[in-house]
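Biologist: I would like to learn how to read the packing in a model. Where do we start?

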Amino acid sequence: MQAPAARLHALVILCAFCYTAFMNTTAVGRFAPSPSGYMHMGNLLSMLLAWLDCRALGGRMIFRMEDLDPARSKEVYKTALEEDLRWLGMDWDEGWPDPACAQSMRTGVYEDAFRMLERKGLVYPCWCSRADRLAAASAPHPGEAEHDPGCPCARLSRKELAERERSGRRPAWKLRVPEETVTVDDGHYGRISQNLAQDVGDFIIRRSDGVFAYQLAVSVDDMLMGVTRVVRGRDLLSSAPRQRWLIETLGGVAPDYCHGPLLSSGEGKLSKRLGSLSTQVLRQEYRPEELTGKLAQLCGLTETDEPVTPWELLCSFDWNRISRQDIPLLEQ
Ligand SMILES: [Zn+2]
């Protein structure tokens, strides 16, 4: 017969073990909006799919504020993002408004990752145009050129490098990618393989003004926050292989990626109005259940746009029901 103290001790160890096992196996999803404007239907669909995916797996949800770019991020949009998610009935377990989950407060961890990549000889300064550098701070969008054919900065002689350094201009910093094929098995779109050197090319990880670029920050955050499920719009599908490679190069474990369809405003008869309306207007025209019902029908989760809450959608949530084609917004 064990003494009560010994039994209590054993119980504590057992609980700690179970908790650790649970924390290691539970799914971790994230909302990762950028506060550079009010959300619209497309953002809301991505948020809804991310939330449903995570909660259907019994996972933890993190709300990360992607406010890297000080020129574009506004407090008013941060407040609106939080209010919109709560209004729709989606919750999260950690993150915003905790400043530790705002990218603008996480410069130190990006700096550490940058130094690690530098020590591996993968980083070089780039003196190319300002437009290229600014483009690197935001996520790529459909139709944007993905492949960087390379710039002369990758192959400068010592003399040329010294000349540029003497110019006094501050360079951006690029990551040198290898001739390596990286494969991601996307949960919705299937396998995507990219040869990083041929299909992507070297990319900017820090702008000349010191701001870390999207690809570095998002990879470091997903790695350090223990994210296991990245659910977002398919405009970021082509970023997944380089993010996986970046995380693994930094010694981390890449999450599973699952991309969702985009809403398309289309041409002619298709309505651009609904697609362009901000949540500020949508919230005046719809109740939250009505808007969720509309989103659920648009993506294929439900047959009709009956009002529904995110929690009510959980039991029937199934990626197989969700369209792989982009979704046209029809005229009302
Ligand atoms: Zn360059």
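Modeller: With burial: a residue is buried if 20 or more other C-beta atoms, placed from the backbone, lie within 10 Å of its own, exposed if 12 or fewer, and partly exposed in between. Here 37% of the 332 residues of the protein chain count as buried. This is a predicted model: local features need pLDDT of at least 70, side-chain atom pairs count only at pLDDT 80 or more, and totals for chains, interfaces and linings use all residues. Residues are numbered from 1 along each chain as its sequence is written.

Biologist: How many helices and strands does the protein chain have?

Modeller: Helices (H or I, at least four residues) and strands (E, at least two) are DSSP runs, numbered from the N terminus. The protein chain has 13 helices and 12 strands.

Biologist: At what angle do helix 2 and helix 12 pack?

Modeller: Axes are lines fitted to C-alpha atoms, for helices over the stretch in contact, and angles run from 0 to 180 degrees between N-to-C directions. Helix 2 (residues 41-56) meets helix 12 (residues 288-299) at about 80°, with the axes 10 Å apart. Angles of 65 to 115 degrees count as roughly perpendicular, so helix 2 and helix 12 are roughly perpendicular to each other.

Biologist: Which residues make the contact?

Modeller: Two residues are in contact if their C-beta atoms, placed from the backbone, lie within 7 Å. Helix 2 contributes Leu44, Leu45 and Leu48, and helix 12 contributes Thr292, Leu295 and Cys299.

Biologist: What is the strand order in the open sheet?

Modeller: Two strands pair if DSSP finds at least two bridges between them. Three strands are arranged 1-2-3, with parallel pairing. Strand 1 (28-31) and strand 3 (94-95) are the edge strands.

Key
Angles under 35 degrees count as roughly parallel, over 145 as roughly antiparallel, 65 to 115 as roughly perpendicular and the rest as oblique.
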